[in-house]
Amino acid sequence: MTTRVIIVDDQAMVRAGFAALLAAQSDIDVVGDAPDGVQGVALSRRTHPDVVLMDVRMPEMDGLAAARQLLAPPAGVTHRPKVLMLTTFDVDDYVYEALRAGASGFLLKDAPPADLISAVRVVAAGEALLAPSVTRRLIADFARSGPVPRKGRPALRLNGLTPRETEVLELIARGLSNQEIADALIVAEQTVKTHVSRVLAKLDLRDRAQAVIFAYESGLVAPGER
């Protein structure tokens, strides 16, 4: 199955380079590119890509605003692509809000070519591109400047989890990988994967990225805690 991709970035060389790299893959089809968020949203509406590579900082409309339009479309628009944010820095100011808006993860612009190709495939498969090391950086950034956890409804949703599932969610939010969680709880990694799947299903979360955000907004984990 071929993954349809569009590239939205204000640098022509970046768009051309990414397009050439991805188009060389037999399972990826680059169906267009755009220089800003406004044109990117319009292009996505026309071409219905599976994945949108979205630069964070652009003129006219930045990547965050464009991602929100794509992931929370107006009435009558049913297509919702996966959005992979492209950033220049490890933790961009927009990353948290982008993930909260529904982006599937983020990738550094200077990442090796193999990482870009892998990222598109991972996101197209419906998984989050948020490695544990990246999660830890996101958490550190959140602890410095993240929004105040939201009490009430998110916190009430925690009641549907078992004690072990709650424990797993907390460890996810602290940036641990499945293997690290397995080591901490002295269980098999496959058992952890099962718990993670149940946590996501019960809380109606799409992926690990949303789980991290939910844990903070529900008050399960407080910024600055270890």
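This report covers the salt bridges of a predicted model and the parts of the chain that they join.

**Overall features**

The protein chain holds 11 helices and five strands. Of its 226 residues, 48% count as buried. The accessible surface of the protein chain comes to about 10700 Å², and carbon and sulfur atoms account for 52% of that surface. Among contacts between residues at least 6 apart in sequence, 67% join residues at least 24 apart.

**Salt bridges**

Side chains of opposite charge can pair when their charged atoms come close. With a limit of 4 Å between a side-chain nitrogen of Lys or Arg and a carboxyl oxygen of Asp or Glu, the count in this model comes to seven salt bridges. Among them are the pairs in the table.

| Pair | Distance between closest N and O atoms |
|---|---|
| Arg121 and Asp27 | 2.9 Å |
| Asp55 and Lys109 | 3.2 Å |
| Glu165 and Lys202 | 2.8 Å |

**Arg121 and Asp27**

The closest N and O atoms of Arg121 and Asp27 are 2.9 Å apart, and the two residues form a salt bridge. Because Arg121 lies in helix α5 (residues 113-124) and Asp27 in the loop between α1 (12-23) and β2 (28-34), the pair ties together parts that are 94 residues apart in sequence. Arg121 is partly exposed, with a relative accessible area of 37%. Asp27 also counts as partly exposed, at 23% relative accessibility; the class of buried residues is set at under 20%.

Asp55 forms a salt bridge with Lys109, with 3.2 Å between the closest N and O atoms. A network of salt bridges links Asp9, Asp55 and Lys109.

**Glu165 and Lys202**

Glu165 and Lys202 form a salt bridge in which the closest N and O atoms are 2.8 Å apart. This pair links distant parts of the chain, as Glu165 is in helix α8 (residues 163-173) and Lys202 is in helix α10 (residues 189-203), 37 residues apart. Glu165 counts as buried because its relative accessibility is 3%. Lys202, at 44% relative accessibility, counts as partly exposed. The pair thus has a buried Glu165 and a partly exposed Lys202.

Terms used
Residues numbered from 1 in each chain as written. Predicted model: local features only at pLDDT ≥ 70, side-chain atom pairs only at ≥ 80, totals over all residues. Heavy atoms only, no water. Helix = DSSP H or I, 4+ residues; strand = E, 2+ residues; numbered from the N terminus. Buried < 20%, exposed > 50% of the residue type's maximum accessible area, 1.4 Å probe, protein only. Contact = heavy atoms within 4.5 Å. Areas by Shrake-Rupley, 256 points an atom, 1.4 Å probe, with all protein chains shown as cover.
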